[in-house]
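Here is a brief report on selected side-chain contacts. Please keep the sequence and the 3D view at hand while reading.

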Amino acid sequence: MKGWLIPPVTGNYTFWIASDDNGEFWLSIDDDPANRVRACYASHAVANKRDWYFFPQQQSVLIPLVAGQAYFYEV
C-alpha cells in the first residue's frame with residue numbers, strides 16, 4: 001500500500017506497524033517517494049492481531065508533520 005498522507009493538524013506524530021510476518025512503514029519528508037525513510041518495522045510475526053507494542057521497533061519516533069502538506073508513505 002502506498003499513497004500520500006496529509007495531516008489535518010501540525011504536530012508531532014507517532015506511527016506503529018503490526019504484521020503477520022515482516023512489515024515496514026516508510027515515510028517521506030515530503031511528497032517525493034525518493035525521500036522516504038523507514039519509520040518503523042516488524043521483523044517477525046507479532047503475538048496477536050493489533051499488538052502494536054510487541055517489539056520496540058514497531059513504533060516510530062515522534063515525527064513532525066505540517067498540516068496540509070503531503071507526505072508520501074509506503075507499507
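## Arg36 and Glu74

This is a predicted model. Start with Arg36: its relative accessibility is 32%, so the residue counts as partly exposed. The side chain of Arg36 forms a salt bridge with that of Glu74, at 3.4 Å from N to O. Arg36 sits in strand β4 and Glu74 in strand β6 (residues 71–74), so the pair ties together parts 38 residues apart in sequence.

Glu74 is also partly exposed, at 23% relative accessibility. Buried would require a value under 20%.

## Glu24 and Arg38

How many salt bridges does the structure hold? It holds 2. Glu24 and Arg38 form one of them through their side chains, with an N to O distance of 3.1 Å. Glu24 belongs to strand β3 (residues 23–28), while Arg38 belongs to strand β4. The pair therefore links parts that are 14 residues apart in sequence.

Glu24 has a relative accessible area of 33% and is partly exposed. Arg38 is partly exposed as well, with 40%.

## Gln58

Now to a loop residue. Gln58 lies between β4 (36–42) and β5 (63–65), in the loop that joins their positions in the chain. Is Gln58 buried or exposed? Its relative accessibility is 0%, so Gln58 counts as buried.

What does the side chain of Gln58 reach? It reaches the backbone oxygen of Ile17, at 2.7 Å.

Technical notes
Residues are numbered from 1 along each chain as its sequence is written. This is a predicted model: local features need pLDDT of at least 70, side-chain atom pairs count only at pLDDT 80 or more; totals for chains, interfaces and linings use all residues. Side-chain values use heavy atoms; hydrogens and water are left out. Helices (H or I, at least four residues) and strands (E, at least two) are DSSP runs, numbered from the N terminus. Buried means under 20% relative accessible area, exposed over 50%, partly exposed in between (1.4 Å probe, protein chains only). A polar contact is a pair of N or O atoms within 3.5 Å; within protein, one must be able to donate a hydrogen and the other to accept it, and residues adjacent in sequence count only if both atoms are side-chain atoms. A salt bridge is a side-chain nitrogen of Lys or Arg within 4 Å of a carboxyl oxygen of Asp or Glu.
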